[in-house]
Amino acid sequence: MTTRPLRIILACAPLVVCAAAAHAQAPAGRAAADDREAAPGYAVTFDAQTQSAAVQLCLAHEYPTVAFAADSGWAMRFISDVKRSFAREPGAAKVDSDASGWHAAGWRAGECLSWRADLRAIAQEHKPDVGWQMGEDFIAAPQFWLLRPDVQASAEAELSIQMPEGWSISAPWRELMPSSVTAKIKKQPSLAALSTKRYFHIPNTPPDWSAAVAFGRFTEERIALPGGTLRLAVLHGADAGERAKLREWLDHVSRAVLSAYGRLPLPEVQVLVIPVGQLGRGGRDEDRAQAVHFGQSIRGQGNALELLVDPTRPAAEFADDWTAVHELSHLMHPYLGDRGTWLAEGLATYYQNVLRARSGMLTPAQAWDRLYQGFKRGAKTPGDETLEQVASNMHRSHAYQRVYWAGAAYWLTVDRDLRRASGGKMNLETALSRFRDCCLPAYSEWKPEDFVARLDALAGSDVFASRYREFAAMKQFPDWEKIYSDLGIRDGGEHLAFAADAKDAAIREAIMAPRNDSQR
Ligand SMILES: [Zn+2]
């Protein structure tokens, strides 16, 4: 799975946008649009007792009118007590509301909007991408409680949140420490531990990209790795021993991801592990019991990985599960839209096997076998539409096997082509590592054509784009048997057989060769 915008964007009223734009351009000769962009500043106080948040949003500039949107008309039910204030005085200025949100006319520079958000009601929806309650810990998607002003344009928002003692927050946002706070802590280091206020930058992603913010009595653990940090939160439902087991599993998984190009793809990743075993998903029924029920990489307001697990399952089952490596591999590419689903899922599906082999979670033979079994399953799907058409409708047609595995065949083909053409000097990781440096994190959607063109430019090749055109237009499953034959892999009955003298035997060895980050 990867991110799909799941909800319809609540479009701001066009008239309002026009009015703001006209005002923004009024002073002649100024690059007005940019400096009228409002970097919203949210000040939040979280109340654990009522499981609610008091939010104040202030804007530095004046506007003829500002529209504040919740995620949708439906989501407005979680917001109450919407009021304007100016210079700390509750003002008499009016706020109107309609089905699309709230509107304020005659907005003054420095004015604020305040409201109360019922986080408990959001959590109790018990829906993915909305909210979830587990004991005292809960998730409330921020699009449901942080109203977004239409004048924000491309500016990043800042947020401070006051947490009660003993409570934590896990968010996809970038944490920052204002210089005033850093200076105070420098003078008096003990303040750092006492501070219950946290400060964040909120990356400006499209409003309909989902995100998860968790509140609770968990301890957020920062796992510092080359290239970035995983911020791990295991929510309510796992005991100390189970948490240690999950932490160790995440260690293996991150080593696997580092075996691509030695660094995490992104500087900061929120990792939410949600124990659901005890809730009965998978239950005690051994046939349905599994360590990892579900995983997704989500991209709203930053980058995150969400894993629904049964923490009671043995460590060996976690080690054998591909989900986490698959989801972390999604961090190496930008969001590619529906047409690019096969490219995105293909990369994660290829790497869930390759990277686990390189880091020792699978043997190379096992990894080639997983790919072999997958290609066989994918090839069974009858095809009368192109791969791009099937991928665009995947969530209706459920043609997951074809899309995921034809995509994996694309990345294997490209990896093979690059290695062949360069005598082994260039490979997929070289291109993806350069892509990390130029273009990640990506806070907006990329066209799949632009992504492969950029990879070609970075690799000095044309294979990404030419193979892209070829695969996107394919009505049949790609000829994976020919690739396997060139790699010297054939079905030897019980096990795969590997020929030492095949054309691409050296490439086969190089793709799965064990490595760790000290080797690069
Ligand atoms: Zn995926």
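A nonpolar core is a set of buried Ala, Val, Leu, Ile, Met, Phe, Trp, Tyr and Cys residues joined through C-beta atoms within 7 Å. In the predicted model examined here, the largest such core has 143 residues, and A140, W145 and V273 are those with the most contacts inside it. Helix α13 gives the most to this core, with 11 residues. Apart from neighbours within four places in sequence, A140 is in contact with L119, I122, A123, G131, W145 and V213. In soluble globular proteins, nonpolar side chains tend to be buried together.

Helix α15 comprises 12 residues, 448-459, and reaches 17 Å from its first C-alpha to its last, close to the expected 16 Å. Within α15, the residues P448, F451, V452, L455 and A459 are buried. These residues lie on the same side of α15, because the arc that they cover around the axis is only 90°. The buried residues of α15 pack against α9, α13, α14 and α16. After α15 comes G460, with a positive phi near 65°. In the loop between α14 and α15 lies P441, and the peptide bond from L440 to P441 is cis, with omega near -5°.

Positive phi values also occur in residues other than glycine. H126, in the loop between α3 and β9, has a phi of about 50°. H126 counts as exposed because it has 12 C-beta neighbours inside 10 Å, and a residue with 12 or fewer is exposed. Q301, in the loop between β20 and β21, has a phi near 55°. Q301 is buried, with 31 other C-beta atoms within 10 Å, since 20 or more are required.

Key. Residues numbered from 1 in each chain as written. Predicted model: local features only at pLDDT ≥ 70, side-chain atom pairs only at ≥ 80, totals over all residues. Helix = DSSP H or I, 4+ residues; strand = E, 2+ residues; numbered from the N terminus. Expected span 1.5 Å × (residues − 1). Arc of directions from axis to C-beta. Contact = placed C-beta atoms within 7 Å.
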